Amino acid sequence: MNIADLQRAHLKNVKGYSTARDEFKGEAKIFLDANENPYGSPLELESFNRYPDPLQLDLKEALGKIKGVPIENTFIGNGSDEAIDLLIKAFCEPGVDEIMVFPPTYGMYEVCANIHNVHIQSIPLLPDFQLNLDSIAEKIKKTTKIIFLCSPNNPSGNCLNREDIETILANFKGLVVVDEAYINFARQRSFIQELTEYPNLVVLQTFSKAWGLAGLRVGMAFSSRPVIDILNKVKAPYNLSTLIQQQAIKSLNQLPQINEWIKEIVRERIRLTQLLQDIPEVIKVFPSDANFILVKFKDPQAVYNYLMQAGIIVRDRSKIAGCEGCLRISIGTPKENETLILTLKQR
Ligand SMILES: Cc1ncc(COP(=O)(O)O)c(C=O)c1O
């Protein structure tokens, strides 16, 4: 499989922007190449007068120690949303190519495709929120460039069957994106281990969930070198500020704390699932491998409004096909979850 042939035809001849710092090798004492302010910055933060590292090499190296993925197989973006946007921008010809998505799922695949005028082939998940492989095989076309698989899936919370993903990887000739935003809370292992097997596999992960850094905006795409090179070519040269890179590196030292939080959230997910099942308003609590649960209520709108008036905000998914009657509830702290249950009991 030649990944370079998968990118939009005109991009084959496009060279990415070469930054001032890309063009010299060795140690430099004086930087007069990037029209920066030589005196410093007004923020008393070290080196903020200088442009950031466009390839975030220190962050990628530190991340590689945790994820086991080499620098050249790692892309870092302004959230994984940036990677989703760039994948569509780089691999799908507007008005010609299409992506394949499996609703109900994360909305940004569709939003980005619409922004880039890329067709969307939607194949609903089966009632158990698993892939309909027969329908997928039937609907894949020459112009299908990217298949977006969200596992654990937002908003249903379940992992997609591993064998189904492997079947798609083994047979589809375009890119297979496995969005693992919630993988830290899952019982299934990451597809990162399969990267060496499949050059068309892209694994998305994020600092926004388990890592507690949604406000920092750092997301990752792991893939074969040609895919990463294409993403680097089409991205803005300085897509992550120096501050973000420094803070993300710092956060990686806190792995024990993150693992504690993950354990606590999973414990609370199990507890909250049981408590919600005892609430008469609740029809069904769907099993979750994420840090949220999808819950079917008899009257979701009334519950949503009631919770909102009590100052508790949940996500109304009740009008989305496949999620009829459902609210999506993030796992909070034990105290927040207690308040949620007490409030629901008082209705
Ligand atoms: C499945 C999924 N992928 C990606 C994202 C976006 O993550 P980021 O904050 O890294 O852009 C989200 C955010 O909710 C998500 O649910």
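Modeller: Arg267 has 45% relative accessibility, so Arg267 counts as partly exposed. The model is a predicted one, in which local features need pLDDT of at least 70 and side-chain atom pairs count only at pLDDT 80 or more, while totals for chains, interfaces and linings use all residues. Residues are numbered from 1 along each chain as its sequence is written, and side-chain values use heavy atoms, with hydrogens and water left out.

Colleague: Which side chain meets that of Arg267 in a salt bridge?

Modeller: A salt bridge is a side-chain nitrogen of Lys or Arg within 4 Å of a carboxyl oxygen of Asp or Glu. The partner of Arg267 is Glu264, at 2.7 Å from N to O. Glu264 is partly exposed too, since its relative accessibility is 28%.

Colleague: How many residues apart are Arg267 and Glu264 in helix H8?

Modeller: Helices (H or I, at least four residues) and strands (E, at least two) are DSSP runs, numbered from the N terminus. Within helix H8, residues 255-277, Arg267 and Glu264 are 3 residues apart, so about one helical turn separates them.

Colleague: Where do Arg225 and Asp229 lie?

Modeller: Both belong to helix H6, residues 225-234; they are 4 residues apart, which means a separation of about one helical turn.

Colleague: How far apart in sequence are the parts tied together by Arg347 and Glu281?

Modeller: The side chains of Arg347 and Glu281 meet in a salt bridge of 2.9 Å, N to O. Arg347 lies in the segment after helix H10 (334-345), whereas Glu281 lies in the loop between H8 and strand S8 (282-285), so this pair ties together parts that are 66 residues apart in sequence.

Colleague: Is Glu281 buried or exposed?

Modeller: Glu281 is buried, with a relative accessible area of 18%. Arg347, by contrast, is partly exposed at 41%.

Colleague: Which residues are linked in a network of salt bridges?

Modeller: Such a network links Arg162, Glu166, Arg189 and Glu194.

Colleague: How many salt bridges does the rule count?

Modeller: The count comes to 17 salt bridges.

Note on methods:
Buried < 20%, exposed > 50% of the residue type's maximum accessible area, 1.4 Å probe, protein only.
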